[in-house]
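Here is a note to read with the model open beside you. Take the points in order and find each residue as you go.

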Amino acid sequence: MSGLLRYQFINYLRTYRYVPPFSIFIIFLVVNYTFTPNPILDSYSFSSIVLFFIMGWFTITIFHSEDEDQKIITLLHIKNRKEYNLVLFMFCVLTGLCLSCLSVTYPILIDAFGLKPKPLHIMMGFLSHFSLSFLAIALSAIFTRDIVKNKQNTWWGVLSTLIISLAITTLKSVILQIKGLIWLLPPVYLSLEMMDSGDENLSMPGLFYWQFTWIFMYSILVIGIFFLFTKRK
Amino acid sequence: MKTIVDIKNITKQYKGKTILEDISFSLFAHQVVALVGKNGSGKSTLLKIIGGLVNPDSGTIYKHIHPFTIGYVPEVTPSTIMFTPEEYLFHMGCIRGMVKNQLQPRIDYLLDIFNLQGSRKTRISDFSKGMKQKVMIMQALLEETNLLILDEPLSGLDPKAQSNLEDTLLLLKDKGLSIILSCHETKLLENIADKIFFINNHQVNQNNLLLNTTQHRNRLTFEISIQESFEDLHPYFEIVQTSQLNQRVNVVKVIIKLEDTDKILLELLHKNASIKQLQPINHAKEDFYNQF
(Lines give C-alpha, C1' and ligand atoms only; values in the text may rest on other atoms or scores of the structure.)
Protein backbone atom coordinates (compact mmCIF):
# COMPACT_ATOMS: atom_id res chain seq x y z
CA MET A 1 0.00 0.00 0.00
CA SER A 2 2.88 2.39 0.78
CA GLY A 3 4.34 1.68 -2.68
CA LEU A 4 1.09 2.70 -4.34
CA LEU A 5 0.77 5.82 -2.16
CA ARG A 6 4.33 6.89 -3.08
CA TYR A 7 3.67 6.22 -6.77
CA GLN A 8 0.39 8.19 -6.74
CA PHE A 9 2.06 11.08 -4.90
CA ILE A 10 4.99 11.35 -7.35
CA ASN A 11 2.69 10.88 -10.35
CA TYR A 12 0.37 13.64 -9.08
CA LEU A 13 3.27 16.01 -8.49
CA ARG A 14 4.53 15.41 -12.04
CA THR A 15 1.12 16.10 -13.61
CA TYR A 16 1.14 19.64 -12.12
CA ARG A 17 -2.64 19.39 -11.72
CA TYR A 18 -2.30 20.62 -8.14
CA VAL A 19 -1.04 24.03 -9.31
CA PRO A 20 -4.43 25.74 -9.99
CA PRO A 21 -6.27 24.73 -6.77
CA PHE A 22 -3.19 25.20 -4.60
CA SER A 23 -2.37 28.62 -6.07
CA ILE A 24 -5.96 29.81 -5.70
CA PHE A 25 -6.08 28.69 -2.08
CA ILE A 26 -2.78 30.39 -1.22
CA ILE A 27 -3.89 33.60 -2.95
CA PHE A 28 -7.16 33.45 -1.02
CA LEU A 29 -5.35 33.05 2.33
CA VAL A 30 -3.01 35.97 1.60
CA VAL A 31 -5.82 38.27 0.42
CA ASN A 32 -8.20 37.24 3.23
CA TYR A 33 -5.69 38.20 5.91
CA THR A 34 -4.27 41.32 4.21
CA PHE A 35 -6.32 43.65 6.39
CA THR A 36 -6.05 43.21 10.14
CA PRO A 37 -7.38 42.73 12.74
CA ASN A 38 -9.76 39.85 11.94
CA PRO A 39 -12.22 37.87 14.08
CA ILE A 40 -10.86 34.39 14.81
CA LEU A 41 -13.73 31.93 14.38
CA ASP A 42 -15.46 33.90 11.61
CA SER A 43 -12.23 33.99 9.59
CA TYR A 44 -11.65 30.29 10.15
CA SER A 45 -15.23 29.57 9.16
CA PHE A 46 -14.80 31.48 5.90
CA SER A 47 -11.49 29.81 5.03
CA SER A 48 -12.96 26.38 5.83
CA ILE A 49 -15.78 27.02 3.30
CA VAL A 50 -13.19 27.96 0.67
CA LEU A 51 -11.17 24.86 1.55
CA PHE A 52 -14.39 22.83 1.22
CA PHE A 53 -14.60 23.82 -2.47
CA ILE A 54 -10.85 23.62 -3.08
CA MET A 55 -10.78 20.07 -1.69
CA GLY A 56 -13.49 19.11 -4.22
CA TRP A 57 -11.09 20.28 -6.93
CA PHE A 58 -8.13 18.45 -5.37
CA THR A 59 -10.15 15.23 -5.00
CA ILE A 60 -11.14 15.09 -8.67
CA THR A 61 -7.59 15.85 -9.88
CA ILE A 62 -6.08 13.27 -7.51
CA PHE A 63 -8.56 10.56 -8.52
CA HIS A 64 -8.01 11.36 -12.21
CA SER A 65 -4.26 12.02 -12.15
CA GLU A 66 -3.42 8.63 -13.62
CA ASP A 67 -4.00 7.96 -17.32
CA GLU A 68 -7.14 5.78 -17.66
CA ASP A 69 -5.24 3.02 -19.47
CA GLN A 70 -2.43 3.17 -16.93
CA LYS A 71 -5.01 2.79 -14.16
CA ILE A 72 -5.93 -0.67 -15.54
CA ILE A 73 -2.25 -1.68 -15.40
CA THR A 74 -1.82 -0.33 -11.87
CA LEU A 75 -4.95 -2.20 -10.78
CA LEU A 76 -3.49 -5.39 -12.29
CA HIS A 77 -0.38 -4.97 -10.16
CA ILE A 78 -2.16 -4.04 -6.91
CA LYS A 79 -4.76 -6.80 -7.63
CA ASN A 80 -7.32 -5.06 -5.40
CA ARG A 81 -9.59 -2.22 -6.53
CA LYS A 82 -10.64 -1.45 -2.93
CA GLU A 83 -7.02 -0.97 -1.87
CA TYR A 84 -6.38 1.22 -4.91
CA ASN A 85 -9.27 3.55 -4.04
CA LEU A 86 -8.39 3.50 -0.35
CA VAL A 87 -4.92 4.83 -1.22
CA LEU A 88 -6.47 7.65 -3.25
CA PHE A 89 -8.70 8.56 -0.29
CA MET A 90 -5.66 8.50 2.02
CA PHE A 91 -3.82 10.83 -0.36
CA CYS A 92 -6.79 13.24 -0.45
CA VAL A 93 -7.15 13.17 3.35
CA LEU A 94 -3.42 13.90 3.78
CA THR A 95 -3.77 16.85 1.38
CA GLY A 96 -6.79 18.08 3.37
CA LEU A 97 -4.85 17.68 6.61
CA CYS A 98 -1.89 19.72 5.34
CA LEU A 99 -4.10 22.49 3.97
CA SER A 100 -6.14 22.56 7.21
CA CYS A 101 -2.94 22.99 9.24
CA LEU A 102 -1.79 25.73 6.85
CA SER A 103 -5.15 27.53 7.07
CA VAL A 104 -5.04 27.51 10.87
CA THR A 105 -1.39 28.44 11.38
CA TYR A 106 -0.93 31.07 8.65
CA PRO A 107 -3.09 33.83 10.26
CA ILE A 108 -1.53 33.09 13.66
CA LEU A 109 1.99 33.37 12.25
CA ILE A 110 1.30 36.75 10.62
CA ASP A 111 -0.66 37.93 13.70
CA ALA A 112 -3.80 38.61 11.67
CA PHE A 113 -6.33 38.28 14.51
CA GLY A 114 -7.57 41.00 16.86
CA LEU A 115 -7.40 38.69 19.87
CA LYS A 116 -4.66 36.23 20.71
CA PRO A 117 -6.07 32.81 19.68
CA LYS A 118 -6.58 30.36 22.54
CA PRO A 119 -6.08 26.58 22.14
CA LEU A 120 -9.88 26.28 21.94
CA HIS A 121 -9.97 28.59 18.89
CA ILE A 122 -7.14 26.69 17.23
CA MET A 123 -8.81 23.33 17.89
CA MET A 124 -12.19 24.54 16.56
CA GLY A 125 -10.47 26.14 13.57
CA PHE A 126 -8.64 22.93 12.76
CA LEU A 127 -11.72 20.72 13.23
CA SER A 128 -13.80 23.03 11.06
CA HIS A 129 -11.26 22.95 8.22
CA PHE A 130 -10.45 19.27 8.43
CA SER A 131 -14.05 18.08 8.85
CA LEU A 132 -15.23 20.11 5.83
CA SER A 133 -12.21 18.90 3.81
CA PHE A 134 -13.11 15.32 4.66
CA LEU A 135 -16.73 15.93 3.73
CA ALA A 136 -15.72 17.54 0.40
CA ILE A 137 -13.48 14.53 -0.41
CA ALA A 138 -16.32 12.09 0.29
CA LEU A 139 -18.93 14.03 -1.70
CA SER A 140 -16.60 14.70 -4.66
CA ALA A 141 -15.43 11.07 -4.90
CA ILE A 142 -18.98 10.08 -5.84
CA PHE A 143 -18.48 12.00 -9.11
CA THR A 144 -15.11 10.49 -10.08
CA ARG A 145 -14.64 8.39 -13.26
CA ASP A 146 -15.22 5.06 -11.50
CA ILE A 147 -18.85 6.03 -11.00
CA VAL A 148 -19.55 8.89 -13.44
CA LYS A 149 -18.29 8.13 -16.95
CA ASN A 150 -18.90 11.57 -18.49
CA LYS A 151 -16.18 14.07 -17.52
CA GLN A 152 -18.53 17.05 -17.82
CA ASN A 153 -20.96 15.47 -15.36
CA THR A 154 -18.05 15.05 -12.94
CA TRP A 155 -17.37 18.79 -12.66
CA TRP A 156 -21.04 19.83 -12.69
CA GLY A 157 -21.86 17.13 -10.17
CA VAL A 158 -19.15 18.14 -7.74
CA LEU A 159 -19.80 21.86 -8.03
CA SER A 160 -23.57 21.61 -7.64
CA THR A 161 -23.32 19.16 -4.75
CA LEU A 162 -20.89 21.38 -2.86
CA ILE A 163 -22.99 24.50 -3.54
CA ILE A 164 -26.21 22.75 -2.45
CA SER A 165 -24.43 21.53 0.70
CA LEU A 166 -23.60 25.13 1.53
CA ALA A 167 -27.03 26.45 0.57
CA ILE A 168 -28.67 24.07 3.06
CA THR A 169 -27.43 26.42 5.82
CA THR A 170 -29.78 29.18 4.69
CA LEU A 171 -32.65 26.79 3.90
CA LYS A 172 -32.45 24.93 7.19
CA SER A 173 -35.75 26.24 8.56
CA VAL A 174 -37.58 24.99 5.45
CA ILE A 175 -35.78 21.63 5.46
CA LEU A 176 -36.56 21.04 9.13
CA GLN A 177 -40.27 20.98 8.26
CA ILE A 178 -39.70 17.63 6.55
CA LYS A 179 -38.95 15.22 9.36
CA GLY A 180 -35.63 13.41 9.09
CA LEU A 181 -34.52 15.10 5.85
CA ILE A 182 -31.84 17.17 7.57
CA TRP A 183 -29.99 13.98 8.55
CA LEU A 184 -29.69 12.94 4.92
CA LEU A 185 -28.17 16.23 3.73
CA PRO A 186 -24.44 17.07 3.94
CA PRO A 187 -23.86 18.65 7.38
CA VAL A 188 -21.85 21.71 6.28
CA TYR A 189 -24.33 23.86 8.24
CA LEU A 190 -23.21 22.25 11.52
CA SER A 191 -19.67 23.55 11.13
CA LEU A 192 -20.88 27.03 10.17
CA GLU A 193 -23.26 27.16 13.17
CA MET A 194 -20.52 26.11 15.58
CA MET A 195 -18.06 28.65 14.19
CA ASP A 196 -20.70 31.36 14.62
CA SER A 197 -20.58 31.05 18.42
CA GLY A 198 -18.22 34.04 18.94
CA ASP A 199 -14.56 34.43 19.90
CA GLU A 200 -15.40 35.15 23.55
CA ASN A 201 -16.47 31.54 24.25
CA LEU A 202 -13.99 30.05 26.70
CA SER A 203 -15.13 26.43 26.50
CA MET A 204 -16.43 24.14 23.80
CA PRO A 205 -19.92 22.76 24.50
CA GLY A 206 -20.20 18.96 24.52
CA LEU A 207 -22.66 19.16 21.63
CA PHE A 208 -19.91 20.53 19.40
CA TYR A 209 -17.89 17.31 19.75
CA TRP A 210 -20.93 15.32 18.61
CA GLN A 211 -21.55 17.68 15.71
CA PHE A 212 -17.97 17.40 14.45
CA THR A 213 -18.17 13.64 14.94
CA TRP A 214 -21.37 13.56 12.84
CA ILE A 215 -19.61 15.42 9.96
CA PHE A 216 -16.86 12.76 9.98
CA MET A 217 -19.41 9.94 10.34
CA TYR A 218 -21.49 11.31 7.47
CA SER A 219 -18.36 11.51 5.28
CA ILE A 220 -17.40 7.92 6.13
CA LEU A 221 -20.92 6.79 5.19
CA VAL A 222 -20.64 8.56 1.82
CA ILE A 223 -17.23 6.93 1.26
CA GLY A 224 -18.90 3.60 2.11
CA ILE A 225 -21.48 4.31 -0.63
CA PHE A 226 -18.60 5.06 -3.03
CA PHE A 227 -17.05 1.64 -2.34
CA LEU A 228 -20.45 0.01 -2.75
CA PHE A 229 -20.92 1.64 -6.16
CA THR A 230 -17.41 0.77 -7.37
CA LYS A 231 -17.86 -2.84 -6.27
CA ARG A 232 -21.07 -3.08 -8.32
CA LYS A 233 -19.42 -1.51 -11.38
CA MET B 1 3.60 -31.31 -23.73
CA LYS B 2 2.56 -29.90 -20.35
CA THR B 3 -0.86 -28.26 -20.14
CA ILE B 4 -0.76 -25.03 -18.14
CA VAL B 5 -4.34 -23.80 -18.58
CA ASP B 6 -7.57 -25.52 -19.52
CA ILE B 7 -10.38 -23.29 -20.71
CA LYS B 8 -13.63 -25.16 -20.30
CA ASN B 9 -17.07 -24.20 -21.64
CA ILE B 10 -16.61 -20.43 -21.37
CA THR B 11 -19.67 -18.36 -22.21
CA LYS B 12 -19.88 -14.60 -22.02
CA GLN B 13 -22.65 -12.18 -22.88
CA TYR B 14 -22.44 -8.39 -22.99
CA LYS B 15 -25.60 -6.28 -22.84
CA GLY B 16 -27.68 -9.31 -23.80
CA LYS B 17 -25.51 -10.12 -26.82
CA THR B 18 -23.56 -13.38 -26.87
CA ILE B 19 -19.83 -12.76 -27.35
CA LEU B 20 -18.42 -16.19 -26.55
CA GLU B 21 -20.33 -19.44 -26.43
CA ASP B 22 -19.21 -22.68 -24.84
CA ILE B 23 -15.53 -22.20 -25.65
CA SER B 24 -13.02 -24.86 -24.66
CA PHE B 25 -9.33 -25.24 -25.46
CA SER B 26 -6.01 -25.76 -23.70
CA LEU B 27 -2.81 -23.77 -23.45
CA PHE B 28 0.50 -25.59 -23.27
CA ALA B 29 3.84 -24.64 -21.76
CA HIS B 30 6.37 -22.89 -24.02
CA GLN B 31 3.81 -22.40 -26.78
CA VAL B 32 2.72 -19.23 -28.53
CA VAL B 33 -0.99 -19.22 -29.28
CA ALA B 34 -2.57 -16.59 -31.51
CA LEU B 35 -6.24 -15.63 -31.42
CA VAL B 36 -7.54 -14.20 -34.66
CA GLY B 37 -10.95 -13.01 -35.71
CA LYS B 38 -12.94 -10.03 -36.94
CA ASN B 39 -13.20 -6.84 -34.90
CA GLY B 40 -15.70 -7.36 -32.10
CA SER B 41 -15.47 -11.15 -32.35
CA GLY B 42 -14.54 -11.44 -28.67
CA LYS B 43 -10.73 -11.84 -28.81
CA SER B 44 -10.04 -9.20 -26.17
CA THR B 45 -12.87 -10.46 -23.97
CA LEU B 46 -11.46 -14.00 -24.11
CA LEU B 47 -7.96 -12.73 -23.23
CA LYS B 48 -9.39 -10.73 -20.31
CA ILE B 49 -11.26 -13.81 -19.07
CA ILE B 50 -8.05 -15.88 -19.23
CA GLY B 51 -6.21 -13.06 -17.45
CA GLY B 52 -8.84 -12.93 -14.70
CA LEU B 53 -9.85 -9.35 -15.53
CA VAL B 54 -13.35 -10.28 -16.58
CA ASN B 55 -15.51 -13.04 -15.13
CA PRO B 56 -17.21 -15.41 -17.57
CA ASP B 57 -20.98 -15.91 -17.28
CA SER B 58 -20.33 -19.65 -17.14
CA GLY B 59 -17.42 -22.03 -17.56
CA THR B 60 -14.13 -22.42 -15.76
CA ILE B 61 -10.45 -21.69 -16.25
CA TYR B 62 -8.32 -24.46 -14.75
CA LYS B 63 -4.74 -23.43 -13.96
CA HIS B 64 -2.39 -26.37 -13.55
CA ILE B 65 0.47 -24.45 -11.90
CA HIS B 66 0.20 -23.00 -8.40
CA PRO B 67 0.74 -20.14 -7.85
CA PHE B 68 -0.04 -19.16 -11.45
CA THR B 69 1.31 -15.77 -12.49
CA ILE B 70 -0.02 -13.91 -15.51
CA GLY B 71 1.48 -10.90 -17.24
CA TYR B 72 -1.06 -8.80 -19.12
CA VAL B 73 -0.36 -6.22 -21.81
CA PRO B 74 -3.50 -4.25 -22.67
CA GLU B 75 -4.41 -3.23 -26.22
CA VAL B 76 -4.16 0.50 -25.57
CA THR B 77 -0.85 1.93 -24.39
CA PRO B 78 -1.20 4.75 -21.82
CA SER B 79 -0.64 8.06 -23.58
CA THR B 80 1.02 9.82 -20.66
CA ILE B 81 3.37 8.15 -18.22
CA MET B 82 5.35 10.71 -16.22
CA PHE B 83 8.22 8.34 -15.39
CA THR B 84 11.37 6.97 -16.95
CA PRO B 85 11.19 3.20 -17.71
CA GLU B 86 13.40 2.49 -14.73
CA GLU B 87 11.23 4.53 -12.33
CA TYR B 88 8.04 3.17 -13.83
CA LEU B 89 9.08 -0.47 -13.53
CA PHE B 90 10.34 0.19 -10.01
CA HIS B 91 6.98 1.67 -8.96
CA MET B 92 4.97 -1.12 -10.60
CA GLY B 93 7.21 -3.70 -8.91
CA CYS B 94 6.78 -2.03 -5.51
CA ILE B 95 3.00 -1.93 -6.03
CA ARG B 96 3.17 -5.68 -6.76
CA GLY B 97 4.95 -6.11 -3.44
CA MET B 98 8.40 -6.95 -4.85
CA VAL B 99 11.38 -6.02 -2.68
CA LYS B 100 14.10 -3.69 -3.93
CA ASN B 101 16.95 -6.22 -4.04
CA GLN B 102 14.77 -8.55 -6.14
CA LEU B 103 13.38 -5.75 -8.29
CA GLN B 104 16.50 -3.85 -9.38
CA PRO B 105 18.29 -6.84 -11.02
CA ARG B 106 15.05 -7.76 -12.77
CA ILE B 107 14.65 -4.22 -14.14
CA ASP B 108 18.27 -4.24 -15.38
CA TYR B 109 17.68 -7.62 -17.04
CA LEU B 110 14.48 -6.46 -18.75
CA LEU B 111 16.03 -3.18 -19.94
CA ASP B 112 18.86 -5.25 -21.34
CA ILE B 113 16.83 -7.82 -23.28
CA PHE B 114 14.44 -5.18 -24.59
CA ASN B 115 17.34 -2.97 -25.72
CA LEU B 116 16.23 0.00 -23.64
CA GLN B 117 19.37 0.42 -21.51
CA GLY B 118 20.19 3.64 -23.37
CA SER B 119 16.74 5.09 -22.68
CA ARG B 120 16.45 4.14 -19.03
CA LYS B 121 16.60 7.79 -17.92
CA THR B 122 14.25 9.16 -20.61
CA ARG B 123 10.62 9.88 -19.76
CA ILE B 124 8.24 7.32 -21.30
CA SER B 125 6.01 10.17 -22.52
CA ASP B 126 8.85 11.05 -24.93
CA PHE B 127 9.04 7.48 -26.30
CA SER B 128 7.78 6.27 -29.69
CA LYS B 129 4.74 3.97 -29.75
CA GLY B 130 6.98 0.94 -30.28
CA MET B 131 9.16 1.78 -27.28
CA LYS B 132 6.08 2.40 -25.12
CA GLN B 133 4.75 -1.00 -26.15
CA LYS B 134 8.05 -2.57 -25.08
CA VAL B 135 7.71 -0.94 -21.65
CA MET B 136 4.19 -2.33 -21.43
CA ILE B 137 5.52 -5.83 -22.07
CA MET B 138 8.30 -5.25 -19.54
CA GLN B 139 5.84 -4.32 -16.79
CA ALA B 140 4.01 -7.58 -17.52
CA LEU B 141 7.26 -9.51 -17.08
CA LEU B 142 8.37 -7.92 -13.81
CA GLU B 143 7.85 -11.23 -12.08
CA GLU B 144 8.52 -14.62 -13.65
CA THR B 145 5.25 -15.26 -15.46
CA ASN B 146 3.65 -18.56 -16.39
CA LEU B 147 1.61 -16.94 -19.13
CA LEU B 148 2.03 -13.66 -21.00
CA ILE B 149 -1.16 -12.22 -22.49
CA LEU B 150 -0.78 -9.65 -25.26
CA ASP B 151 -3.84 -7.91 -26.66
CA GLU B 152 -3.07 -6.69 -30.21
CA PRO B 153 0.63 -6.05 -29.47
CA LEU B 154 1.40 -4.63 -32.91
CA SER B 155 -1.69 -2.49 -33.27
CA GLY B 156 -0.94 1.12 -34.22
CA LEU B 157 2.79 0.56 -34.75
CA ASP B 158 4.62 1.55 -37.92
CA PRO B 159 6.25 -1.30 -39.96
CA LYS B 160 9.70 -0.68 -38.44
CA ALA B 161 8.38 -0.74 -34.88
CA GLN B 162 6.33 -3.83 -35.70
CA SER B 163 9.40 -5.61 -37.01
CA ASN B 164 11.37 -4.58 -33.92
CA LEU B 165 8.67 -5.82 -31.57
CA GLU B 166 8.32 -9.08 -33.52
CA ASP B 167 12.01 -9.71 -32.89
CA THR B 168 11.43 -9.09 -29.18
CA LEU B 169 8.50 -11.51 -29.13
CA LEU B 170 10.61 -14.10 -30.95
CA LEU B 171 13.25 -13.66 -28.27
CA LEU B 172 10.66 -14.24 -25.55
CA LYS B 173 9.44 -17.31 -27.43
CA ASP B 174 13.00 -18.63 -27.61
CA LYS B 175 13.30 -18.14 -23.86
CA GLY B 176 10.42 -20.60 -23.46
CA LEU B 177 7.73 -18.17 -22.36
CA SER B 178 4.12 -19.27 -22.86
CA ILE B 179 2.27 -16.56 -24.73
CA ILE B 180 -1.28 -16.00 -25.90
CA LEU B 181 -1.91 -13.02 -28.13
CA SER B 182 -4.51 -11.57 -30.40
CA CYS B 183 -3.36 -10.13 -33.71
CA HIS B 184 -4.00 -9.61 -37.41
CA GLU B 185 -0.43 -9.32 -38.66
CA THR B 186 0.63 -12.00 -41.13
CA LYS B 187 4.29 -12.06 -40.18
CA LEU B 188 3.57 -12.39 -36.49
CA LEU B 189 1.19 -15.28 -37.11
CA GLU B 190 3.56 -17.06 -39.47
CA ASN B 191 6.80 -16.53 -37.60
CA ILE B 192 5.80 -16.72 -33.97
CA ALA B 193 2.53 -18.60 -33.48
CA ASP B 194 2.71 -22.32 -32.79
CA LYS B 195 -1.04 -22.58 -32.82
CA ILE B 196 -3.77 -20.33 -34.22
CA PHE B 197 -7.31 -20.19 -32.92
CA PHE B 198 -9.91 -18.49 -35.07
CA ILE B 199 -12.92 -16.91 -33.34
CA ASN B 200 -16.00 -16.94 -35.50
CA ASN B 201 -19.71 -16.97 -34.58
CA HIS B 202 -18.81 -16.94 -30.87
CA GLN B 203 -16.87 -20.20 -31.26
CA VAL B 204 -13.15 -20.96 -31.28
CA ASN B 205 -11.67 -23.27 -33.89
CA GLN B 206 -8.07 -24.27 -34.34
CA ASN B 207 -6.75 -23.17 -37.71
CA ASN B 208 -3.73 -24.93 -39.21
CA LEU B 209 -4.00 -23.44 -42.70
CA LEU B 210 -1.51 -20.70 -42.04
CA LEU B 211 0.99 -22.88 -40.26
CA ASN B 212 1.19 -25.24 -43.23
CA THR B 213 3.57 -23.11 -45.23
CA THR B 214 4.47 -25.73 -47.83
CA GLN B 215 4.35 -23.99 -51.20
CA HIS B 216 3.54 -26.06 -54.28
CA ARG B 217 3.40 -23.40 -56.94
CA ASN B 218 4.72 -19.96 -57.78
CA ARG B 219 3.30 -17.05 -59.68
CA LEU B 220 5.84 -15.62 -62.18
CA THR B 221 5.67 -12.37 -64.12
CA PHE B 222 8.24 -11.66 -66.81
CA GLU B 223 8.81 -9.42 -69.83
CA ILE B 224 10.02 -10.97 -73.05
CA SER B 225 10.67 -9.80 -76.60
CA ILE B 226 7.79 -10.43 -79.01
CA GLN B 227 10.24 -12.10 -81.42
CA GLU B 228 11.46 -14.51 -78.79
CA SER B 229 9.65 -17.85 -78.68
CA PHE B 230 9.23 -19.74 -75.41
CA GLU B 231 6.99 -22.52 -76.67
CA ASP B 232 9.51 -25.08 -75.46
CA LEU B 233 8.64 -23.99 -71.90
CA HIS B 234 4.87 -24.29 -72.29
CA PRO B 235 4.68 -27.83 -70.87
CA TYR B 236 6.19 -26.50 -67.61
CA PHE B 237 3.78 -23.64 -66.90
CA GLU B 238 0.23 -22.46 -67.14
CA ILE B 239 -0.13 -19.05 -68.82
CA VAL B 240 -2.51 -16.81 -66.86
CA GLN B 241 -2.21 -13.64 -68.88
CA THR B 242 -0.24 -12.23 -71.82
CA SER B 243 -0.32 -8.53 -72.59
CA GLN B 244 1.67 -6.26 -74.85
CA LEU B 245 3.77 -3.70 -73.00
CA ASN B 246 4.90 -1.93 -76.19
CA GLN B 247 5.55 -2.85 -79.83
CA ARG B 248 8.58 -4.96 -78.92
CA VAL B 249 7.83 -6.48 -75.49
CA ASN B 250 5.14 -8.73 -74.02
CA VAL B 251 4.32 -9.11 -70.33
CA VAL B 252 3.53 -12.68 -69.40
CA LYS B 253 2.07 -14.01 -66.18
CA VAL B 254 2.39 -17.73 -65.56
CA ILE B 255 1.99 -20.26 -62.81
CA ILE B 256 4.81 -22.76 -62.38
CA LYS B 257 5.44 -25.76 -60.18
CA LEU B 258 7.82 -25.28 -57.30
CA GLU B 259 10.24 -27.93 -58.56
CA ASP B 260 10.36 -26.38 -62.07
CA THR B 261 10.92 -22.80 -60.92
CA ASP B 262 14.73 -22.69 -61.03
CA LYS B 263 14.92 -24.38 -64.41
CA ILE B 264 12.34 -22.05 -66.00
CA LEU B 265 13.95 -18.92 -64.55
CA LEU B 266 17.27 -20.00 -66.03
CA GLU B 267 15.74 -20.70 -69.44
CA LEU B 268 13.94 -17.36 -69.50
CA LEU B 269 17.12 -15.49 -68.60
CA HIS B 270 18.88 -17.27 -71.48
CA LYS B 271 16.12 -15.95 -73.72
CA ASN B 272 16.88 -12.39 -72.46
CA ALA B 273 13.57 -12.21 -70.57
CA SER B 274 13.33 -9.81 -67.67
CA ILE B 275 11.92 -11.32 -64.46
CA LYS B 276 9.52 -8.85 -62.83
CA GLN B 277 7.99 -10.83 -59.98
CA LEU B 278 8.16 -14.27 -58.44
CA GLN B 279 5.57 -14.92 -55.80
CA PRO B 280 4.67 -18.11 -53.93
CA ILE B 281 1.02 -19.11 -54.09
CA ASN B 282 -0.64 -20.30 -50.90
CA HIS B 283 -4.36 -20.60 -51.47
CA ALA B 284 -4.83 -21.77 -47.91
CA LYS B 285 -3.27 -18.56 -46.62
CA GLU B 286 -5.35 -16.42 -48.98
CA ASP B 287 -8.49 -18.21 -47.84
CA PHE B 288 -7.44 -17.68 -44.23
CA TYR B 289 -7.02 -13.92 -44.52
CA ASN B 290 -10.23 -13.58 -46.51
CA GLN B 291 -12.07 -14.75 -43.41
CA PHE B 292 -11.63 -11.42 -41.58
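1. Start where the two chains meet. B:Glu87 and A:Arg14 join their side chains in a salt bridge, 2.8 Å from N to O. A salt bridge here is a side-chain nitrogen of Lys or Arg within 4 Å of a carboxyl oxygen of Asp or Glu. The rule finds one salt bridge across the interface of chain A and chain B.

2. A word on the ground rules. This is a predicted model, in which local features need pLDDT of at least 70 and side-chain atom pairs count only at pLDDT 80 or more, while totals for chains, interfaces and linings use all residues. Residues are numbered from 1 along each chain as its sequence is written, chains are lettered from A and ligands numbered from 1 in the order in which they are written, and side-chain values use heavy atoms, with hydrogens and water left out.

3. How many residues of chain A are in contact with chain B? On chain A there are 17, and they are in contact with 23 residues of chain B. Contact means heavy atoms within 4.5 Å. The two chains bury about 1,800 Å² between them, with 64% of it on carbon and sulfur atoms. Buried area is the accessible area (1.4 Å probe) that two parts lose on being put together, summed over both.

4. Polar contacts come next. The rule finds seven residue pairs in polar contact across the interface of chain A and chain B, both residues at pLDDT 80 or more. A polar contact is a pair of N or O atoms within 3.5 Å; within protein, one must be able to donate a hydrogen and the other to accept it, and residues adjacent in sequence count only if both atoms are side-chain atoms.

5. Which elements give two or more residues to the side of chain A that touches chain B? They are α1 (2-15) and α4 (68-78) of chain A. Helices (H or I, at least four residues) and strands (E, at least two) are DSSP runs, numbered from the N terminus. The largest share of that side, eight residues, comes from α1(A). By type, the side divides into six nonpolar, six polar and five charged residues. Ala, Val, Leu, Ile, Met, Phe, Trp, Tyr, Cys and Pro count as nonpolar, Asp, Glu, Lys and Arg as charged, and the others, Gly among them, as polar.

6. Now look beyond the interface. The whole structure has 14 salt bridges over all chains. In one of them, the side chains of A:Lys71 and A:Asp146 meet at 2.4 Å, N to O. A:Lys71 lies in helix α4 of chain A and A:Asp146 in the loop between α6 (119-141) and α7 (151-167), so the pair ties together parts that are 75 residues apart in sequence. Both residues are buried. Buried means under 20% relative accessible area, exposed over 50%, and partly exposed in between (1.4 Å probe, protein chains only).

7. B:Glu152 and B:Lys43 form a salt bridge of 3.9 Å, N to O. B:Glu152 sits in the loop between β6 (147-151) and α5 (159-174), and B:Lys43 in helix α1 (residues 43-51) of chain B, 109 residues apart. B:Glu152 and B:Lys43 are both buried. B:Glu223 and B:Lys276 also form a salt bridge, at 4.0 Å, N to O. B:Glu223 is in strand β10 (residues 217-225) and B:Lys276 in strand β13 (residues 274-281) of chain B, 53 residues apart. B:Lys276 is partly exposed, at 47% relative accessible area. Look too for the salt-bridge network of B:Glu86, B:Asp108, B:Arg120 and B:Lys121.

8. Back in chain A, is A:Ser128 buried or exposed? A:Ser128 is buried, with a relative accessible area of 0%. Its place is helix α6 of chain A. Not counting residues up to four places away in sequence, A:Ser128 touches A:Tyr44, A:Ser48, A:Ser191, A:Met195 and A:Phe212.

9. Check the backbone last. Most residues other than glycine have a negative phi, and most peptide bonds are trans. A cis peptide bond joins A:Thr36 and A:Pro37, with omega about 0°. A:Pro37 is in the loop between α2 (19-32) and α3 (40-63) of chain A. The bond from B:His66 to B:Pro67 is cis as well, with omega near -5°. B:Glu152 is not a glycine, yet has a positive phi of about 45°. B:Asn201, not a glycine either, has a positive phi of about 50°. B:Glu152 is buried at 7% relative accessible area, whereas B:Asn201 counts as exposed at 60%.
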